[in-house]
Amino acid sequence: MESVSPHSAVRTRFAPSPTGYLHIGGVRTALFNWLLSKQTGGQFILRIDDTDAARNQQEALAPILEGFRWLGIQWDEGPEIGGPHAPYFQSQRLARYQQEVARLLANGSAYRDFARPEELAAERAVAEREKRDFVYSRRWMAETDAQARQFESEGRVSVVRLKIPRQGNCTFTDLVRGEVSVQWSREQDHVVQRADGTCLYHLASVVDDFDFQITHVVRAVEHLSNTPRQIFIAQSLGYPLPQYAHIPFVAEPGSKVKLSKRKIEQYLKNPDFKKMVEHGSRIAQQLGLRTSPETFNPVLIDFYKTVGYLPDAILNYLLLLGWSLDDKTEDFTREEMIRVFSLERVVKSEASFDPKKLMAFQQKHMARLSVEERTTRVMPFLLGAGLLREPLDSSQTALVSQLVAAAGDRIAVAGDVLQFDDFFAADEDVPYDQAAFNKRLVQPHEAGFLLNEYRKILTSIPEFDAASLEMAFTQFCQNMNIGAGELVHPLRVAVTGKSVG
RNA sequence: GCCCCCUUCGUCUAGUGGCCUAGGACUCCGGGUUCUCAGUCCGGCAACAGGGGUUCGAGUCCCCUAGGGGGUACCA
């Protein structure tokens with residue numbers, strides 16, 4: 001192994017399993033890790049936890065990498081870019097894990113266990129019936145080769161289990177939760193190596209954290225109870241312990257239950273969440289994308305990319321989900337986030353995901369962008385929906401620029417530009433809002449007359465600029481002795497087909 | 001079942017014994033501004049889970065109760 005680095009740079013890691021897509025809760029965990037390493041000039045490592053071959057799909061890795069790339073969370077070591085400790089895939093590091101399992105076995109902190117699954121299940125059942133904690137009897141533990149041969153002759157196969165102490169406490173300091181202490185007797189003799197020789201997560205994770213010289217393990221609370229057994233492994237192997245920080249998970253809207261991508265149907269009952277999905281779906285539809293809840297889902301980061309959210313807005317929102325700087329600061333640029341983030345100010349309780357507040361951040365960040373920047377962001381959507389075609393000439397760009405400027409904050413996410421699709425349509429194709437048509441043009445009997453008169457005025461205007469039009473408009477209303485609204489509404493419907501400007 | 005954790009406005013949060021008649025943000029509701037909508041500006045509603053202690057004084061410390069959550073795999 002390399003010697004421990006002399007400087008105090010923080011090395012953190014995010015270790016997704018390629019079993020799904022990039023979960024928004026995972027992004028927040030990764031964000032905290034990334035921030036922490038960057039503020040000390042350290043490294044953020046992406047490690048792929050794919051020890052369970054049965055559950056992993058290789059194609060699910062691409063969306064994860066793509067998600068981080070889009071968000072601008074660049075990993076310093078990991079897939080595609082490698083690094084001094086490559087490979088960063090657990091599935092490719094088996095030999096190393098087996099080597100460490102052998103050391104565990106050799107120094108007596110692990111043992112080969114020949115119990116059959118049904119024998120273990122029976123012991124468990126007894127414990128449950130007697131309402132006590134299950135503690136393995138170690139009846140099929142082989143501590144000598146002779147014992148092992150004996151069990152093998154009975155046709156048994158072995159796994160490797162940790163020989164967890166049955167007395168005393170495991171105490172450690174967690175950077176967000178303070179001192180944590182659990183009794184060793186509550187821990188099981190966890191399996192670290194399967195019968196087929198492959199290794200399990202806890203062992204792999206501890207070995208990798210050591211090999212990769214991870215200084216801070218920042219992960220979601222569901223791993224808190226895993227920590228004692230990992231500490232046991234690390235200490236048995238003579239590794240220095242990293243700092244631990246267990247952050248609360250991101251919960252469902254209006255609830256404290258962990259957000260899950262499988263429960264989208266349930267979340268749709270939440271009005272805000274539903275609104276968010278519908279808004280996104282409209283845009284996806286205009287882009288000609290076929291959406292299924294499985295892939296087009298606000299729990300997954302791909303949703304935001306598809307619809308045109310700003311990565312900075314998402315990061316800003318996620319940063320404030322379970323962390324705060326003080327009693328008022330809410331807006332952070334990336335540089336500011338990196339500078340001021342601290343684990344000490346992470347809250348202990350779960351934070352529920354609030355679509356409305358995310359949108360508020362999105363609008364704020366969008367409004368901060370110049371017209372040029374917004375135009376750039378909006379272009380791919382116009383192209384994607386077929387409203388514009390490449391190559392673009394400068395007049396088209398100018399047109400979009402004008403539209404973006406006029407639309408102002410009606411374009412909250414980049415995909416919102418598609419609601420102005422008729423702007424790009426030929427005149428005869430302008431679709432009419434039937435309800436508005438009735439209300440403004442058919443119902444008010446004077447509407448036709450007014451519009452006709454107004455048209456006569458317009459034909460007499462020499463210059464067709466905004467100022468002249470405005471003057472003509474005001475004058476006309478005065479002359480006809482009508483309120484502005486009496487003309488403005490019918491006029492808009494007649495020209496744009498819509499009821500709002 | 002057992003073990004562990006969490007609990008301030010609807011939501012995200014500030015708060016580390018007196019600065020709290022509890023602050024900010026989002027949402028919502030009024031009002032001003034605007035040719036409509038949006039926006040913007042001003043204003044407003046809204047919380048310390050409950051009960052016992054400790055203390056001159058408790059959102060802040062301790063205990064109990066309740067509620068919520070996580071874990072309990074040859075998953076990660």
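Which residues of strand β6 are on its covered face, and which on the uncovered one?

**Entry 1. Ground rules**

I note that this is a predicted model, in which local features need pLDDT of at least 70 and side-chain atom pairs count only at pLDDT 80 or more, while totals for chains, interfaces and linings use all residues. Residues are numbered from 1 along each chain as its sequence is written, chains are lettered from A and ligands numbered from 1 in the order in which they are written, and side-chain values use heavy atoms, with hydrogens and water left out.

I looked up the overall make-up of chain A and found 19 helices and 12 strands. Helices (H or I, at least four residues) and strands (E, at least two) are DSSP runs, numbered from the N terminus. Of the 501 residues in chain A, 46% are buried. Buried means under 20% relative accessible area, exposed over 50%, and partly exposed in between, with a 1.4 Å probe and protein chains only. I also looked up contacts (heavy atoms within 4.5 Å). Among those in chain A between residues at least 6 apart in sequence, 72% join residues at least 24 apart.

**Entry 2**

I return to the opening question. In β6 (residues 169-174), C170, F172 and D174 form the covered face, and N169, T171 and T173 the uncovered one. Strand β6 runs antiparallel to β7 (residues 178-183), and 6 bridges join them. Two strands pair if DSSP finds at least two bridges between them.

**Entry 3. The four-stranded sheet**

I then traced an open sheet of 4 strands, in the order β4-β3-β5-β8, with antiparallel pairing. Strands β4 and β8 (191-193) stand at the edges with a single partner strand each, so one side of each has no neighbour in the sheet. The antiparallel pairing of β5 (residues 159-162) with β8 covers 2 bridges. There, R161 stands opposite V191 in β8.

R161 also lies over the face of Y136, at 5.3 Å from the ring centre. For such a case, NZ of Lys or CZ of Arg must be within 6 Å of the ring centre and within 35 degrees of the ring normal.

Helix α3 (residues 94-106) lies across β3 (110-113), β5 and β8, and runs at about 100 degrees to β3. The axes are lines fitted to C-alpha atoms, for helices over the stretch in contact, and angles run from 0 to 180 degrees between N-to-C directions.

**Entry 4. R138**

Is R138 buried or exposed? I find R138 to be buried, because its relative accessibility is 15%. R138 lies in the loop between α4 (117-129) and β4 (141-142). Its phi is near 60 degrees, a positive value in a residue other than glycine. The R138 side chain reaches the backbone oxygen of I164 at 2.9 Å. Leaving aside residues up to four places away in sequence, R138 touches Y111, K163, I164, R166 and D189.

**Entry 5. The loop between α2 and α3**

I looked up two residues in this loop. P87 is placed between α2 (61-71) and α3, and a cis peptide bond joins A86 to P87, with omega about 5 degrees. E80 is in the loop between α2 and α3 as well. The phi of E80 is near 75 degrees, again positive in a residue other than glycine. With 62% relative accessibility, E80 counts as exposed.

**Entry 6. Aromatic rings**

Rings of Phe, Tyr and Trp (its six-membered ring) pair if their centres lie within 6.5 Å; planes under 30 degrees apart count as stacked, over 60 as edge-to-face and the rest as tilted. By this rule I have 17 aromatic pairs. One of them is the tilted pair F32 and F341, at 4.9 Å centre to centre and 45 degrees between the planes. F32 lies in helix α1 (residues 24-38) and F341 in the loop between α12 (334-340) and β12 (351-352), so the pair ties together parts that are 309 residues apart in sequence. Both F32 and F341 are buried.

F303 and Y304 form an edge-to-face pair, at 5.2 Å centre to centre and 75 degrees between the planes. F303 is buried at 1% relative accessibility, and Y304 is buried at 0%.

I close with one aromatic cluster, formed by Y267, F273, Y317, F353 and F361. K364 lies over the face of F361, at 4.7 Å from the ring centre.

Notes:
A polar contact is a pair of N or O atoms within 3.5 Å; within protein, one must be able to donate a hydrogen and the other to accept it, and residues adjacent in sequence count only if both atoms are side-chain atoms.
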